[in-house]
Structures are given as C-alpha cells and as structure tokens.
Amino acid sequence: MRSAGRESNAITCNPPRTLHLKLSILPLNFHAPWGGSEILWSSLASYWHGQGHEVAIAIKNWQPMPKPILSLEEAGIPLNRYAQGSSLRSRMTARIKRLAGIPTPLRSLEEWLRETAPDLLVFSADCMGGMPGIQLAAKLSIPYAFIMQANSESWWPFDPGREAMNTAMDHARGAICFVGERNRDLFELQLGRRLPNALIVRNPHAALGMDPLPWPEPSSVDAGAENLRMAFVGRQEPIAKGQDILFQVLAQPQWRERNWTLALYGAGAGTQGVKAMAEMLGICDRLTFVTSYSSIQQVWGNAHVLLMASRYEGLPLALAEAMSLGRPAVVTDVADCAILLRDGIDGFVATSPKVSAYAEAMERLWESRSELPQMGANAAQRARDFLPQDPVRSAAEAILAVSHSR
C-alpha cells in the first residue's frame with residue numbers, strides 16, 4: 001500500500017513559548033520495558049520539562065525500571081508506577097475486580113488523571129492499543145495526542161473493536177501522531193474514516209548530527225576475497241522483524257557458495273529460537289550474534305549493508321541510522337521503509353515480506369556489490385534531506401499545537 005501523497009502534517013502552527021501546560025504521558029506498552037517506541041515519548045518528556053511545562057508520567061512498574069526512564073525521574077519528572085498483569089489469570093482477576101468495583105490499573109490511571117488534571121494527555125502504543133487512552137481522554141474531556149509507533153495489515157480489527165475505536169474518537173478531542181505516512185493510510189482503512197487531524201512525527205535516532213562513516217576497509221579475514229559484511233539491527237522477534245525470511249534466503253544454494261557474513265545486533269524474547277532456526281538451516285557458521293553493543297559506530301564501521309526483512313514497521317530507527325552513516329540497505333516494502341529508501345538508489349526494496357521477494361532483492365544486492373559505496377553516499381544524502389534535523393522539537397511543537405488549537 002503506497003502513500004497517496006497527502007500532506008504529512010495537518011497541523012503546523014507552533015504554540016506560544018510562554019504557555020505553561022500540564023502534560024500527562026502514558027506509555028501503553030506492556031510487553032517490554034524499553035525499545036524504539038520508548039525513545040520518542042521519553043525524549044518529549046525531557047524536552048517539555050526543559051521548556052518549563054509540568055510533566056508527569058504513569059508507567060508500568062517494570063523490574064528493573066530502564067535507566068533512561070529513571071533519569072527522567074531524577075530530572076524532576078514524577079513517575080506514577082502501577083502494576084499491570086499480562087497473564088490470563090491476571091486479566092481474569094482484573095475483570096472480576098472491575099465488576100466488583102475494586103481499583104484496577106485502568107481505574108487507577110483514571111484516578112491519576114483526575115488528580116493531575118492535565119491540559120493534554122499523550123500516550124504511545126501500537127495501532128488499536130491506543131484505544132484505552134482515547135477512551136480515558138473522552139471520559140475525562142482531556143485533549144489527547146496518540147503516538148502510534150507501528151501498524152500492520154495483520155492487525156485488522158473486527159467490527160466491535162473498530163466501532164469502539166471510532167466511538168471513542170468521536171467523543172474525544174485530539175490527534176493521532178504517526179511515525180510514518182503509510183501507517184496513517186492503513187489506519188484510515190482499518191477504521192473506514194479519514195483522520196483530518198493526523199500528524200506525522202519522526203523518531204529521534206542515534207545518528208543525529210553525525211557525519212557518514214568512511215566505507216569499511218577489507219578485514220584481515222577477507223584474505224583477498226570479496227567478503228560482503230552484512231548487519232541486522234533490531235530485536236530478535238521474527239513475527240515483526242522477519243529473521244525467518246532472511247535466513248531462508250541466505251540458506252539457498254547460491255548463497256552457500258558466496259563469501260559473506262552476517263552480524264545480528266540486538267536481543268529479544270525470540271533470541272534462542274532465532275539461533276535454533278539458523279542452526280537448522282545450516283548457516284550458523286556465517287552468523288555472529290551481538291546481544292549488546294556500545295555504539296552504532298561499532299556496527300557500521302565494519303558492515304557494508306543493513307538487512308531488514310520486517311513484516312511491519314513504523315519508520316525503523318535502524319534504517320535511519322544506517323542510511324545517515326552512509327550504508328545502503330535491503331528492506332521490505334512495509335510502512336515507510338520504501339518511502340525513505342529509494343529502490344536501486346539507496347539500496348534495494350523487496351516488494352513484500354516473502355522469501356521469494358526478499359531473495360530477488362538480495363540477488364540485486366549481490367550483483368551490485370561494486371556500487372554499494374555510491375549507494376551508501378546516496379543513502380546518507382537521502383537521510384539528511386528526508387528526516388528532520390531536530391525531530392523531538394518538531395514533534396513537541398506539533399503535538400502541543402493540538403492542545404493550543406483547542
């Protein structure tokens with residue numbers, strides 16, 4: 001699904017700098033304590049706090065709490081920690097408590113919002129996961145900004161969920177902030193309605209302000225052969241990141257005969273399964289798993305190309321970082337990947353997250369090995385032209401305009 005070429009921001013006015021606002025931030029991520037989705041809302045909290053606004057955060061009581069979130073508390077932003085169970089037993093217990101009138105996490109959050117009485121409620125979630133935030137905003141008559149970090153054709157809502165989301169939006173005042181245009185276009189199709197107050201905001205990434213890195217020199221292990229050093233950067237979660245697609249391509253006979261290595265940077269709940277899959281396919285000897293690393297320079301100082309076989313995305317931070325540092329990529333045509341990366345110019349686009357489509361893109365990569373340094377230079381220029389230089393400030397001012405305009 002390609003973007004229809006609509007305006008990327010519906011609201012561009014900036015709120016007065018003298019305006020003092022009370023801002024409540026509610027991350028609705030109950031699956032992992034920290035990831036790419038947390039970078040934007042935590043950066044916004046820090047930015048608004050520095051601008052003199054009164055910021056408060058309600059967050060699941062992670063054990064341990066991620067250090068970047070604790071640093072917000074140390075800077076003077078209060079954290080309201082609450083318990084949130086994810087097991088079936090926990091959900092059943094929560095339902096019984098709701099029926100009995102006993103406080104539950106959602107009910108506790110409602111009480112917290114009544115106490116903080118914010119001018120704007122900002123929450124972050126995926127697709128339909130933002131419905132509780134919109135429902136709270138509607139019930140308490142608080143303007144909202146919903147930051148949607150990802151969307152997928154696989155998350156198509158059934159009619160009751162779609163109707164509930166539309167009803168909540170009809171009774172609340174606010175806007176949905178998408179990190180990519182195609183996530184917005186898909187969500188409009190899922191809801192069956194246009195979103196005139198949609199905003200496009202971009203996540204900050206680790207390569208902001210950095211110059212492109214020099215093209216990697218041949219390594220000592222190349223031994224004069226042409227070794228293609230590839231990297232995957234992201235969580236080990238095939239349902240989202242498609243490692244199974246990538247591995248099946250690399251296990252094909254022609255790739256077994258080629259000189260290449262793949263370093264996988266990142267961890268996740270599927271790490272052991274990803275390793276077992278690589279062993280089953282017989283490509284373990286070509287792979288290196290790096291669960292933690294100190295900097296993106298460590299990644300891209302050595303690697304030639306980024307591989308991403310994602311099934312769904314927003315606008316991947318790993319792609320923005322690789323391109324900014326002068327590395328081409330092979331991506332799937334999901335979300336805004338193929339809007340940022342131009343096929344055949346900055347890298348290669350697989351038409352779908354399927355083995356056959358990704359294999360075709362990888363063949364073009366191999367055939368174009370001599371062109372990769374120029375593609376990397378193209379990618380760096382594209383990232384500079386396409387992505388905002390100060391995404392946090394741009395997002396912060398656009399979101400506050402939602403509150404100010406009402």
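Student: Is helix α7 (residues 181-191) largely enclosed or open, and how many of its residues are buried?

Tutor: Buried means under 20% relative accessible area, with exposed over 50% and partly exposed in between (1.4 Å probe, protein chains only). Helices (H or I, at least four residues) and strands (E, at least two) are DSSP runs, numbered from the N terminus. Helix α7 is largely enclosed by the rest of the structure, because its buried residues number 10 of the 11. The model is predicted: local features need pLDDT of at least 70, side-chain atom pairs count only at pLDDT 80 or more, and totals for chains, interfaces and linings use all residues.

Student: Which strands and helices are among those covering the buried residues of α7?

Tutor: Residues are numbered from 1 along each chain as its sequence is written, and side-chain values use heavy atoms, with hydrogens and water left out. The buried residues of α7 include Arg-182, Phe-187 and Leu-191. Their cover includes β5 (144-148), α6 (159-170), β6 (174-178), β7 (199-200) and α14 (337-340).

Student: Why does Pro-204 count as buried?

Tutor: Pro-204 is found in the loop between β7 and β8 (228-233). This proline counts as buried because its relative accessibility is 9%.

Note on methods. Contact means heavy atoms within 4.5 Å.
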